[in-house]
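Please find below a short note for a colleague who is new to this entry. The sequence and structure come before the numbered points.

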Amino acid sequence: MMPAQGFGRRYMKAFLKGFFVAVPVTVTFLDQVACVARVEGASMQPSLNPGGSHSSDVVLLNHWKVRNYEVQRGDIVSLVSPKNPEQKIIKRVIALEGDIIKTMGHKNRYVKVPRGHMWVEGDHHGHSFDSNAFGPVSLGLLHAHATHILWPPERWQRLESILPPERAPVQIEEK
Amino acid sequence: MLRSILGKTFRLLGYTLQYGCIAHCAFEYVGGVVMCSGPSMEPTIQSSDIVFAENLSRHFYAIQRGDIIIAKSPSDPKSNICKRVIGLEGDKVFTHSPSDYLKSHSYVPRGHVWLEGDNLQNSTDSRYYGPIPYGLIRGRICLKIWPLNDFGFLRDSPNGHRFSDE
């Protein structure tokens, strides 16, 4: 029969051991591999949040795919907002470095995306705070690639990397 | 025989994963040791000096004017730059190079910082590529640990007149 004090101490030791394994592994997984997030706002309608404020989509964010900052035109990505570092925004990649893009509402009509940068836009033009407002963004702000919608269940789907044809770059730099 | 080897391998992998995750959390959320290279921060930091960078200030948004920070390079996200914060959002900064005669200034946009190296003659910084978003900052250098004759906290900027608080 174990004395009560001994049992408490053994439980504590087991708990701490488990804690120091579970917390770093979980945190590392959520930072480096994948996590989920709820999308707010209407800037990506109709691809995300078509119901507006009634129901927010929950998406799967894949960090592992962007660990080398490799994105394709048409990907939906999350990034740190260049105007507010405490906030993450989710937009579609329209152009990569070297492309010349025709802007919608930017102060310059045509913009060449500098090296190490990308041009992002929300699907809902006019209701989106994106590169048309703040210009090309550095790839270093890239957070994750949104690959699937997980919730609500009737909207389970894989998010395709489609570039709207009317938003294709005017000139693509061949590597 | 094979089972015990397999068991030992799995245990080794498990420990490696566990300590790797602890190391990642320490580097990401607390701080780490960094070796700097390049002449852009002389005389405060020489090339091949080893410094300690902490990441807590970045997470708590407590970076201040005069801090030396490590950030991802805006034109190459896989490499890091090490510069001093001259202006925070809203500050007025002078954008001309030391060789220019006409002094021009601009205001640092919201969510951005203006960086300059201490070695103004030999530094590619915000005077060249403009202000960088705060989100690119990785950590703040707080202590120099090598060479030992220069051990300790880092000096203030030798270019004090560059600061402008308006």
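Predicted model: local features only at pLDDT ≥ 70, side-chain atom pairs only at ≥ 80, totals over all residues.

The points below cover a record annotation, a surface patch, aromatic pairs and a nonpolar core.

1. Annotation from the record. For chain A, UniProt lists "domain: Peptidase S26" at residues 14–104 and 106–151, from an unreviewed entry. Over residues 14–104 of chain A, 21% of the chain is helix and 29% is strand, and the end C-alpha atoms of that span are 59 Å apart. Residues 106–151 of chain A are 9% helix and 43% strand, with 34 Å between the end C-alpha atoms.

2. Surface patch. A nonpolar patch on the surface is formed by A:Phe7, A:Tyr11, A:Met12, A:Phe15, A:Leu16, A:Phe19, A:Phe20 and A:Val23. Together these residues have about 830 Å² of accessible area. One of them, A:Tyr11, belongs to helix H1 of chain A, which covers residues 4–32. A:Tyr11 counts as exposed because its relative accessibility is 54%, and the cut-off for exposed is over 50%. Ring pairs also join A:Phe15, A:Phe19 and A:Phe20 into a cluster.

3. Aromatic pairs. Over all chains, the structure holds six aromatic pairs. One of these is the edge-to-face pair of A:Phe129 and A:Phe134, with centres 5.1 Å apart and 75 degrees between the planes. A:Phe129 has 39% relative accessibility and so counts as partly exposed, whereas A:Phe134, at 14%, counts as buried.

4. A pair in chain B. B:Tyr61 and B:Tyr134 form a tilted pair, 5.5 Å centre to centre with 40 degrees between the planes. B:Tyr61 is in the loop between helix H2 (56–59) and strand S3 (68–73) of chain B, and B:Tyr134 is in the loop between strand S8 (132–133) and strand S9 (137–146) of chain B, so the pair ties together parts that are 73 residues apart in sequence. B:Tyr61 is partly exposed at 38% relative accessibility, while B:Tyr134 is buried at 10%.

5. Nonpolar core. In soluble globular proteins, nonpolar side chains tend to be buried together. The largest nonpolar core here has 27 residues, and those with the most contacts inside it are A:Val71, A:Met118 and A:Leu142. At least two residues of this core come from each of strand S3 (76–80), strand S4 (88–95) and strand S7 (117–121) of chain A, and likewise from each of S3, strand S4 (76–87) and strand S7 (112–116) of chain B. S3(A) gives the most to this core, with three residues.

Methods
Residues numbered from 1 in each chain as written. Chains lettered and ligands numbered in written order. Heavy atoms only, no water. Patch = residues over 30% accessible without salt bridge, like charges linked within 9 Å, V, L, I, M, F, W, Y side chains within 5 Å. Areas by Shrake-Rupley, 256 points an atom, 1.4 Å probe, with all protein chains shown as cover. Salt bridge = Lys/Arg side-chain N within 4 Å of Asp/Glu carboxyl O. Helix = DSSP H or I, 4+ residues; strand = E, 2+ residues; numbered from the N terminus. Buried < 20%, exposed > 50% of the residue type's maximum accessible area, 1.4 Å probe, protein only. UniProt positions renumbered as here; feature names shortened; annotations may be inferred. Phe/Tyr/Trp six-rings, centres within 6.5 Å; stacked < 30°, edge-to-face > 60°. Core = buried A, V, L, I, M, F, W, Y, C linked by side-chain atoms within 4.5 Å.
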